[in-house]
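Let's take a friendly walk through a few side chains and rings. Have the viewer open and follow along.

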Amino acid sequence: MAARAQQPPASTEKAGYNPRFVTSPDGVRLATYEFGNPQGPAILFLHGFAQAALSWDRQLRDPALARAFRMVAIDLRGHGMSAKPQGDAFYKLGQVWADDVRSVIAELGLQRPVLVGWSYAGRVVGDYLAAHGADAVAGINYVDASSTLGDPAFLGPDVGLLGPQAMLAPGVEGFIDGTIRFLRACFATQPDPADFQTMLAFNMLAPHYVRAGLSGRPADYAAVLRALRLPVLVTHGEKDRILTPAIARFTAAAVPGARLSLYPDSGHAPFWEEPERYNRELAEFVQQAQAAR
């Protein structure tokens, strides 16, 4: 089945999250949200495990980024307002994630976007590159992203919160409490109560079976990284307790010419904790990536 749009594009004059739905080849409806300048270079934001497009709020609503760039964020399958089908076939195969990204790029007419992949979305970017190559993108920003899990040194002290004792806890109380503990572990500087409440709400939109479907997938994209010949920025918080800076150094070393940017005061979400610096670096990177191709 070809990808197809279900609604007209969201108005860039509105600052709200007005979804436009794209259907992936296996029939899963994906909620996408567009902000900024429709004539600007495109940025496609991909969030992490159990998160949502709202994770990127400090980028999507940034006035300087909005003037310069066409910004699109996705609720990944199983997350946010996107469809949440049951069955491992919808989550375990790298091809479905690859096709989701390709469908959004094609249906929204994104011209050589820069892909921004946070945390688990490093795998989604890897799936896309493995299946479809890099010709349709201008560059990639890996943000505290998973590009391989082969070395225990890459795993932070709180990575276990992604497992049965927290994010995959079987009971309702444990499921909620585990989600709270995982969210707290994502930040060196904690969000204010209102922001944390919003984050907890959209994390709870990812059901247990979706989280379980995401778990245990292979995550070795070393060959994909070594084959890249396009601009890559690797962003990582040095206080990350989920994935250590060692994985960022691995990613940057694997990609010829990649740039590594470490944030000494941030945890797993430097784009949220230090948005002014992150947004500035992202803008510079997107402009350089577009000029390089």
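Which residues does Thr32 touch, not counting residues up to four places away in sequence?

## Around Thr32

This is a predicted model, so please read what follows with that in mind. Thr32 touches Asn18, Pro19, Arg20 and Val22, along with Val72, Ala73, Ile74, Val104 and Leu108. If you want to find Thr32 on screen, look in strand 3, which covers residues 29-36.

With a relative accessible area of 2%, Thr32 counts as buried, because the cut-off is under 20%.

## Aromatic pairs

Next, the rings. The structure holds 10 aromatic pairs. In one of them, the ring centres of Phe45 and Trp56 are 5.0 Å apart and the planes meet at 40°, so this pair is tilted. Phe45 belongs to strand 4 (residues 42-46), while Trp56 is in the loop between strand 4 and helix 1 (57-60), so the pair ties together parts 11 residues apart in sequence.

Both Phe45 and Trp56 are buried. They also share one aromatic cluster with Trp118, Phe271 and Tyr278.

## Charges over rings

Two arginines are worth a look here as well. The charged end of Arg58 sits over the ring of Trp272, at 3.9 Å from the ring centre. For Arg184, the charged end sits over the ring of Phe196, 3.7 Å from its centre.

How values were computed:
Residues numbered from 1 in each chain as written. Predicted model: local features only at pLDDT ≥ 70, side-chain atom pairs only at ≥ 80, totals over all residues. Heavy atoms only, no water. Helix = DSSP H or I, 4+ residues; strand = E, 2+ residues; numbered from the N terminus. Buried < 20%, exposed > 50% of the residue type's maximum accessible area, 1.4 Å probe, protein only. Contact = heavy atoms within 4.5 Å. Phe/Tyr/Trp six-rings, centres within 6.5 Å; stacked < 30°, edge-to-face > 60°. Lys NZ or Arg CZ within 6 Å of the ring centre and 35° of its normal.
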